[in-house]
Amino acid sequence: MSSTLGKKLDFYVLKVGGIVVVILLLTTGIGLYLFLYPKEVTDVGYAPKQPIAYSHKLHAGDLQISCFYCHGNAEKLAAATIPPTQVCMNCHLVVQRENPEVKKIIDSYTQNKPIEWVRVHKLPDYVHFKHNVHIKAGISCFDCHGKIYEMEVVRQEKPLSMGWCLDCHRKETPLTKSPRVEDFFEKAVQDKHLYEKFKNNMKQYKGIHWVEEHERIGCSLDCSACHY
Amino acid sequence: MMKDQDKIYWKSFEELTQDPRYLELAQREFMEEDDGSDFFTLSRRKFLKLLGASVALATTACRRPVHKIFPYVRQPETLKPGVAQYYASTFALNNHSYGILVKTIEGRPIKIEGNPDHPLSLGSASTFAQASILELYDPDRKRKPTIGNKSVSWDEWNKEIISLLKEGGNKQIRLLTESITSPTLRSTIEKFIKKFPNTKWYEYEPISQETARQSYQHAFGRPNIPKFHLEKADILLSINADILGGRLDSNALLRQWANKRKITSPKDTLNRLYVAESYFSLTGSNADHRLALKPSELLLFSLQLAKLLVYRFNLSTDSNIRSLLKSVPDENSSSYKKEFLGALAHDLSKNRGKSLVLVGEQESLELQIVGHFINSLLQSYGTTIDTKISTASFNNGFNSLKSLTQEMEQGKVDILITVGGNIAYQTDSKINDLFKKIPHHIRLSLYNDETTALSHYAAPLSHDLESWGDSQPETGMISLIQPTIQPLHDSRSLGEVLMSWIHEEGWLTELKTYWKNHIYSKQPRMASFEAFWEAALHNGVVFEKVTGSHSFTFKPEALHNVMKNLDPRFRGDDTRIELQLHPSYTVYDGRFANIGSLQELPDPVTKVTWDNVASLSPNTAQKLGVKQGDIIEIENKIKLPIFLQPGLADGVITTSLGYGRSKGGEVGIGVGSTVFALGSQFQHAIRVKKLSGHHKIATTQAHHSMEGRPIVLEAPLEEYKHTPDFPKHKTHTPELFSMYEEYPYPGHKWGMAIDLTSCVGCSGCVVACDVENNIPSVGKAQVLKGREMQWMRLDRYYETSLEHDIKTVHQPMLCQHCDNAPCETVCPVAATTHSSEGINQMTYNRCVGTRYCANNCPYKVRRFNYFNFNNSIEYPQELGKNPDVTIRMRGVMEKCTFCIQRISEGKNAAKMRGEPVLDGSIKTACQEACPTEAIIFGDLNDPHSKVSKASKQSHGYHVLEELNVRPAITYLAKIRNPHPKLEKFKI
C-alpha cells in the first residue's frame, strides 16, 4: 500500500474515528460517574483491615481520650498525622501488656519498626487541606470523619468530594448546630459537672480555642484555597 | 521594538532591523515548524491497539489503591510533619562565602534562601547558592568510592590509600584543592602535612584573586584585599569589574549599591555608575554611562583618567607622580570617550571620599595598580574602602600552579591528591598529559568529571548541604556549615576523609575543638562553649571584633613600574581581534554545568541558553564576513557560534567560561565549547577562521514579544524631578471603562510593585521561582521552539537614543494577576478564575489544555506543558521538589501564582495566631531572592502596606494600561542619573 494512502487512512481513522470514540467514552464515563456517585466513586464505607485491631470505640468512646491526645497535630498543623508508636507507649508501657494486639505495638517500639497503617481518608495530591484552620474555625472532627468514637474499625463516612466540601463552604448561615467537639462526650454532656470540668479543661488546653458559636471565618470559595 | 519620543527600545538585532523571519515568528503561535519527527503520527495498527487498550481501561472498574502510612516510632521532638524548618548554613564558592538558610521539610532540604542575619547575604541568595540545592539532588553525582573501575567500600578504599601514603617514607605527595575558606579545614590540612611531611599543598581556581593580591602587594606592600563599601559611594567606576553581577560577593555589593538607588520622592538623590568595559556585563547594562573598549585599551583609559585627575583637577601635587603620568597621551579626538573621561574625572574629583573605582580582579597587574592609584587619589581608603577588614583571598591562581606542573613534568610527584575543582577541564590540555606521568592519582569529587577520569582512586565528596564545616569570608566574621540531610550517597566530606587518613577523632569533634580553641576563646560573655556553639549554629555566623586599621599609602614605585615598559601597549593594534573571556553568569566556571535549570537560565545580557557564544559587534562581524549563527574557529582550538551583540567595541569577541564539558553528567556534556584551551588568561589576541555550517542558538530574547507597545518607561533624574508623574505623559491611555462588573475584594487584594531603578537583571528571582515552584527545565530543543517553562522572565531591552551609548533596561515579567484578566474569560472549563483576593488562579486539575488563555494573554506569561517534563526525573531529584506545589503534568497550562502556597501558609499562620496578616509576613520566592529589594509584595487593600505605598508613587505605571486589564503589578519607571554634560535633559 502506498504511504499516501496509509497517511490518508491514518487521518480518517484518527480524526473521525478518534472523535467518535472520545465522545462515546466521555458519555459512558459521565453516565457511570453519575450512576455510581457518590458511594463507590468516593469510597464512602471504605474500612480496610488495619495491622492492629485498634478500637476507636474503646479509646475515644469508652475511655474518653481526647482526639488530640493522639492526633495532636490536627489542631496545630495542616496534617493530622497518625501518632508515633511512642504515644501508644505512654499508656501501654504498663496497660494491657499481655494483649496480643498491644504486643504488636510493643514490638514496633522495641524493634524500632513503624506500624504500617492503612490509609482511610485520602484527598488527591492536588488538594491542600489544612486540619488546623478548620479546627480553629470550630469544625468538629466528626463533621468530616463521622462518629469515630463508635467505630471498632475506622471507615470513611463522608464522600470527601469537592462538592461535599463546598456544601459546607457555601452555607450562608452560621452552622450553630454543627456537632462539636463536646458532642463526642455524650456521657459528659449528661453529667453537667463533668461537662463543665471538661469544658474548662479544654479552654486551658494549649492551642485550641473553644468556639462558643460556630464562627465562620475565612470560608473561602476560591479555587486556589485548596488547589495550587 | 517600541518607540518613546526619540528613543527606540528593542530586544534583538532582528527586531531592530524588522527582519522578515523575526516578524513571522512573532506572529506565529508556534515558533518552529514541526521538525517532522513521527512523534504523534500513528499507524493504523498502532491506533487500533491503543483503542483496544483504552476500551479495556474504561471497562475495568477502578479499585482504590491501598495507601500505607508509616508513622514514626519515636518522633524527633523538633520535627513537625509538613512544616518547613530553617537551618542556618553557609554557601562557599571559590574565595567567597555567605550565610544561607536551608528550608527543609521533613528532613529534606528543598530551598535555599539568604540568611538575613548574615551581613554578606542580608536575606538574599545568589543564583549559584539557590541552584546548589539542585546540585545536591543531581542524579549524576558520584555515588561510590572506586579503585580503577571497581566500586569498593569506604573502609577498603581508605585502607588502600593509607597504605599507599605510608609505604616508603620518601614518596612525594602533592595535594591540590579548590579554594578552601574553612579555617578548620586549613588547620586539618596542616595536620595532614605534619603527618606526611613530604606533602605540598596547592590551591587552584581558574577565576582567582591572585593578580589582585599581587597588585595590592605592589601598591601597598600587603597582599590582602580590602572590603568595599558601595553604600558610601556616590560616584562609582567599574573597569571590567562587574560588581553587580559576575563577582561571587555581588549579593552584598548589590544591596549596598541599590540602597543608594531607591527613589521615593523627587527630593531623593541617586548614585552614579560609570562603566568602562570590554565585554557587555550585567554591571554595564546598569550603568548610567557605559564606555565599550577593547581589552587592550583599558589600561590607557585608566591612565588617562589618572592623568586628568592629577593635571586638570590637581588631585596630586607629587612631582614624582606628575612626571610619571606626563607621557600618557591625551585623548585628542573629539570622541565620546573624551567626553566620558571629562565627565567622569569631574564627578570623581568633586566627590573625593565619596567615590570608588573598581577594577576587575582578572585584569592585568598594571591596570589593577592604576586602579589603586586612582582610589588613593580619590581618598577612597578609609572611606569607601575598608582599611580594617580584609576579605579572604589566597594565592590560588595559575602562577601558584606553575611549580606543581614543573614537578609533574620532571616526574617528581609520586602521589597526587586532587580535591574538588576540576583541573583537567579548567586548564589547557597540556596538564592532561602530565597526569599520565603520575603513578598514583587520588581524587575526591562531587561528580565523575574530567579529572576523576584521569585518577586511579576516586571517591565521592559530600555536598556542603550534607556535611559539617565552616568558612571565613572576611576578617572578623566566621560562619558555620551544618548538614541538613544525611549524605544521599556513600560520600564523605574532605574533613572526614582527612581525619580518617590521620587516624584522629571524627570531623565534627575536630571542628568543635577548633572553634573552642580559636573562636570561642575570643568571644566575650558566653557562659559555656556548648551555649556558644548552639548560638553559632542558630545564627549561622559569629563576629569578632577587628581592631587596628592597615595603612594604604600608595607606593609611587608601583606606578613607576607600570609606566616603565608600557609604551607598546598604548597603541591597540586595529588589525587583530581581541578575545575577552568572563565567568558565565549561569554555570560559573563550569562547575554548575550539569544543572539544567542554570543551563536554561538565560544569560542576563545575551539571553542565550544552553550555549556559550562568540559575541561581537555587527561591524566586527561584517569585517570577518560572518553573520548570526555562523561558526568560527579561534586559534584552531575553539569552535564557537557567532552572536551579534550591541554595545561591544569593534574588534572584540567575548565569550564565557564554563561550557564544553566532556564529562561530569548527562546535562552538561557537549553544551557549548570550552575556552580553557587558550590558557589561564582572560584576554587574548586571536586569529579567527570562519567555518562552514550553522549553529542554532537558543536565545530567549525574542520570545514572548510584546509587539512594540510602551512597556518599559524610563527617565533621567532631572526629568523625574521636573515631572514626577512622567509615565502618565508617555503612555496615551484613553478613558477606560469595563463591561465587566468589578470585583469587590472584601479581604485582601494581593499586589506587587517592581522597581525598575533597582532591578539589575541578576536573574536570582528566576532561579528562586524555578526551585520554589518545581519548574522543570526543558532542554535546548524545546527552548528553540519557545517552550521554556520559567514562570518568570527578565525582559532585556536595549535603548539607542544616543549613538555611542547603548542603554539597557531589565524588566521582570510575570503573571500580572489582572483584575479584568483576558485569560479568565476565554477558558472553556473555568480552570483559570479570579479569586476573591485578586489572584488569577490556575486550577491544574481542571485544565484541559486548550491554550486559549495563553493566546489571549497580552503579557505572554503563560506556559504550557507540551510534554510530561516532570516524568523524566530520576532518584534523588524527587526528594528536592517542593511538596507544597503540585507537579504539573502534560497538557496543563501553568503560570506564576504569586506563590499561592506561601500566601496560604501566611494566612493560615495568622489565623492560627488570631491576628491579621502582617505586612511583610508573606514573601514571594522572587521577592525573597531579590538582592536589591526591587520586588515588593503585599496587600493593596491595606493602605499602610509597603506595596500600597510603592504602587501609589508618581512614577509607577502599569504595563499596557490602555488594555484596561488592570494588572496587580505596578512597575516603578526606571530613573537614571546621567551626568548633565553627557546627556542633556530636554523637556
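First, some housekeeping. Residues are numbered from 1 along each chain as its sequence is written, chains are lettered from A, and ligands are numbered from 1, in the order in which they are written. Because the model is predicted, local features need pLDDT of at least 70 and side-chain atom pairs count only at pLDDT 80 or more, while totals for chains, interfaces and linings use all residues.

Let's start with domains. The bounds come from an automatic or database domain assignment. For chain B, domain 1 is 2-21 + 709-732 + 752-976. Domain 2 is 146-208 + 395-539. Domain 3 is 210-250 + 266-391, and domain 4 is 573-693.

Now take domains 2 and 4 of chain B. Their centres, taken over C-alpha atoms, are 32 Å apart. Domain 2 of chain B gives 14 residues to the contact, and domain 4 of chain B gives 16. A contact here means that the C-beta atoms of two residues, placed from the backbone, lie within 7 Å. On the domain 2 side, α15 (423-426) and α17 (450-453) of chain B are the elements that give two or more residues. Helices are DSSP runs of H or I with at least four residues, strands are runs of E with at least two, and both are numbered from the N terminus. That domain 2 side has six nonpolar, five polar and three charged residues. On the classes: Ala, Val, Leu, Ile, Met, Phe, Trp, Tyr, Cys and Pro count as nonpolar, Asp, Glu, Lys and Arg as charged, and the others, Gly among them, as polar.

On to a sheet. Seven strands of chain B form an open sheet with mixed pairing, in the order β8-β7-β19-β18-β17-β9-β10. Strands pair if DSSP finds at least two bridges between them. β8 (150-151) and β10 (199-203) of chain B are the edges; each has a single partner strand, so one side of each is left without a neighbour in the sheet. Inside the sheet, β9 (residues 173-177) and β17 (residues 415-419) of chain B pair in the parallel sense over five bridges. L175(B) has I417(B) in β17(B) as its bridge partner. Helix α5 (residues 154-166) of chain B packs on this sheet. The strands touched by α5 of chain B include β7 (146-147) and β18 (440-445), and the helix direction makes about 135° with that of β19(B).

Next, helix α6 (residues 183-195) of chain B. Which way does α6(B) run against α18(B)? Helix α6 of chain B and helix α18 (residues 494-501) of chain B pack at about 25°, with axes 10 Å apart. Axes are lines fitted to C-alpha atoms, for helices over the stretch in contact, and angles run from 0 to 180 degrees between N-to-C directions. So α6(B) is roughly parallel to α18(B). The cut-offs are under 35 degrees for roughly parallel, over 145 for roughly antiparallel, 65 to 115 for roughly perpendicular, and oblique for the rest. L185(B) and F192(B) are among the residues of α6(B) here; L498(B) and W501(B) are among those of α18(B). This contact has six nonpolar, two polar and no charged residues.

α6(B) has another partner. Helix α19 (residues 507-519) of chain B packs on α6(B) at about 105°, with axes 10 Å apart. That makes the two, α6(B) and α19(B), roughly perpendicular. P183(B), T184(B), S187(B) and T188(B) of α6(B) meet E510(B), L511(B) and Y514(B) of α19(B). By class, that is three nonpolar, three polar and one charged.

A second sheet. It is open, has four strands, and runs β40-β33-β42-β41 in chain B with mixed pairing. Its edge strands are β40 (935-939) and β41 (956-957) of chain B. β33 (residues 750-755) and β42 (residues 969-972) of chain B pair in the parallel sense over four bridges. There, A753(B) stands opposite T970(B).

Finally, chain A. In this interface, 40 residues of chain B are in contact with 45 residues of chain A. On the chain B side, α31(B) gives the largest share, six residues. That side has 17 nonpolar, 16 polar and seven charged residues. Strand β1 (residues 117-118) of chain A runs antiparallel to β3(B), joined by two bridges. V118(A) has K68(B) as its bridge partner.

P876(B) lies in the loop between β38 (863-864) and β39 (893-894) of chain B.
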